Amino acid sequence: MQDIQQHMVRMIDDYMFDEDLKLLLMSCMSDMEAASLSWSKITLCTHAMLGGDSLDIHRRAALTELIILILDIVDDLQDQDNENKPWMRVDSASALNAVLALIIGVMGELGRMNASSNMLVEISKIIARSINGQHKDVTHAAATIDAYLWMTQEKSGSLFRLACFMGYCDTACAEGT
């Protein structure tokens, strides 16, 4: 897990230059790490179960955590809950800058890893599905039990799918799936 944490810190150092913003991002990552980096564990486990041997697996696991962090921050800003989180203890403009900084860091890291276009498209589709579910949540569009279950599958199930995909995407993307 230390490799994953080191990759996340390196990404922040590589892409962010403002010390205040770096401190906020480090605080956000520390809060996330307190949750035991469970999303990256799913990425690593998927990779191991499928016999993966990627040298970039810890970088991809770190990206999984950062993408989940981005979505958590946005969810909390929309719902105005979890007031004890670092991103909720700063003004919303700073929290939004943290989101933007993390997005740019993820994009830069995917580029640095020479992610295939298939990989980028699939990651985008998975995240977009989660955002669609989030939008249904914030607009209270789930009026039935079935609609609520579908919304939950889109919003949260997509996160699990992302964590798994990041564990096998080198094989899946090479095959074009």
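Here are some quick questions and answers about this structure.

Modeller: Heads-up, this is a predicted model, so local features need pLDDT of at least 70 and side-chain atom pairs count only at pLDDT 80 or more, while totals for chains, interfaces and linings use all residues. Residues are numbered from 1 along each chain as its sequence is written, and side-chain values use heavy atoms, with hydrogens and water left out.

Biologist: Is Ile 4 buried or exposed?

Modeller: Ile 4 sits in helix H1, residues 2-15 (helices are DSSP runs of H or I, at least four residues, numbered from the N terminus). Its relative accessibility is 0%. Buried means under 20% relative accessible area, exposed over 50%, partly exposed in between (1.4 Å probe, protein chains only). So Ile 4 is buried.

Biologist: Which residues does Ile 4 touch, not counting residues up to four places away in sequence?

Modeller: Contact here means heavy atoms within 4.5 Å. With residues up to four places away in sequence left out, Ile 4 touches Leu 37, Ser 40, Leu 44, His 58, Ala 61 and Ala 62.

Biologist: How far apart in space are Ile 4 and Glu 65, C-alpha to C-alpha?

Modeller: In sequence, 61 residues separate Ile 4 and Glu 65. In space, C-alpha to C-alpha, Ile 4 and Glu 65 are apart by 8.8 Å.

Biologist: And Met 107, is that one buried or exposed?

Modeller: Met 107 belongs to helix H5, residues 92-112. Its relative accessible area is 52%, so Met 107 is exposed.

Methods
Helices (H or I, at least four residues) and strands (E, at least two) are DSSP runs, numbered from the N terminus.
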